[in-house]
Amino acid sequence: MNILQAKKGFICDMDGVIYKGDYLLPGVKDFVNWLQKENKQFLFLTNNSSKTPQDLQNKLLGMGLEVNEEHFYTSALATAKFLKHQSPGASAYIIGGPGLFTALEEAGIVFNDINPDYVVFGETNDYKYEHICRAMHHVLNGARLIGTNSDLTGPSEHGIIPACRALVAPIEMTTGKKAYFVGKPNPLMMRTGLQILGIHSEETAMIGDRMDTDIIAGIESGLDSILVLTGVTSREDISKYPYRPRLVLENVGEIAKNSL
């Protein structure tokens, strides 16, 4: 724990670490207060692409947490950055939430439902059979398939729900084409997070609730990898993976509690 508390930077997942749905998780207020009090560099790095950084800031504010917009980075922003670098001014057929549409529009990616260069998937509550048919049609006609993240499921206040990879799966199965996922554990997103913090990986911790995205992303990027049990992973689940987090915590509040 002393090693963790001495880190200069903290990259934290949000769903399952900071909140579930519209509920703040135990210990979060103490943890955020500790980050701010100790002048730590921190970034909330979420694979959920449906919200903008401003949306996330307002969500936490409604839960009683005041965090500046600069502390949020999403897989939607990472996907927009990737597409802008790969193909400036490209067009895309987009299935996702407002956060994804906003990020792509700001990156100069044009919505196109006729002959798009890309089909881009993110989390959405509005997923229809029509979307599957349109996306399948475009991919078969040569559009490249992109997913904002590879999460199969995600946490909510009602339990586990389907996430981006589950939405992309029908398109992969019907077209035979594999999607490229930009979010965690892709090193592209992790490197951007470190660049935003301006801190070397050895001085940074990754805190998450998923073994298959957060923890492996931290390990492969050279970060101190910490698992919390407030999301989708139980203590029993850890043995299913060939790698391990360095620490397993009940919640992020343990970090602040043990620093007293």
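Biologist: Is C164 buried or exposed?

Modeller: This is a predicted model, in which local features need pLDDT of at least 70, side-chain atom pairs count only at pLDDT 80 or more, and totals for chains, interfaces and linings use all residues. Residues are numbered from 1 along each chain as its sequence is written, and side-chain values use heavy atoms, with hydrogens and water left out. Buried means under 20% relative accessible area, exposed means over 50%, and partly exposed lies in between (1.4 Å probe, protein chains only). C164 has a relative accessible area of 0%, so C164 is buried.

Biologist: How many disulfides does a search of the whole structure find?

Modeller: The search covers the whole structure. The number of disulfides found is 0.

Biologist: Are K128 and D126 buried or partly exposed?

Modeller: K128 has a relative accessible area of 43%. D126 has a relative accessibility of 43%. K128 is therefore partly exposed, and D126 is partly exposed.

Biologist: How many residues apart in sequence are the parts tied together by R246 and D224?

Modeller: The side chains of R246 and D224 form a salt bridge at 2.5 Å, N to O. R246 lies in the loop between β14 (224-228) and β15 (247-249), while D224 is in strand β14, so the pair ties together parts whose separation in sequence is 22 residues. Strands are DSSP runs of E with at least two residues, numbered from the N terminus.

Biologist: In the pair of K240 and D237, how far apart are the closest N and O atoms?

Modeller: K240 is exposed, at 64% relative accessibility, whereas D237 is buried, at 19%. The two form a salt bridge, and their closest N and O atoms are separated by 3.1 Å.

Biologist: Which residues carry the feature "active site" in UniProt?

Modeller: The feature comes from an unreviewed UniProt entry. UniProt positions are given in the numbering used here, feature names are shortened, and annotations may be inferred rather than shown by experiment. The residues in that record are D13 and D15.

Biologist: Is D13 buried or exposed, and with which side chain does D13 make a polar contact?

Modeller: D13 sits in the loop between β1 (9-12) and β2 (19-20). At 5% relative accessibility, D13 is buried. A polar contact is a pair of N or O atoms within 3.5 Å; within protein, one must be able to donate a hydrogen and the other to accept it, and residues adjacent in sequence count only if both atoms are side-chain atoms. At 3.0 Å, the side chain of D13 has such a contact with that of K184.

Conventions. A disulfide is a pair of cysteine sulfur atoms within 2.5 Å. A salt bridge is a side-chain nitrogen of Lys or Arg within 4 Å of a carboxyl oxygen of Asp or Glu. Helices (H or I, at least four residues) and strands (E, at least two) are DSSP runs, numbered from the N terminus.
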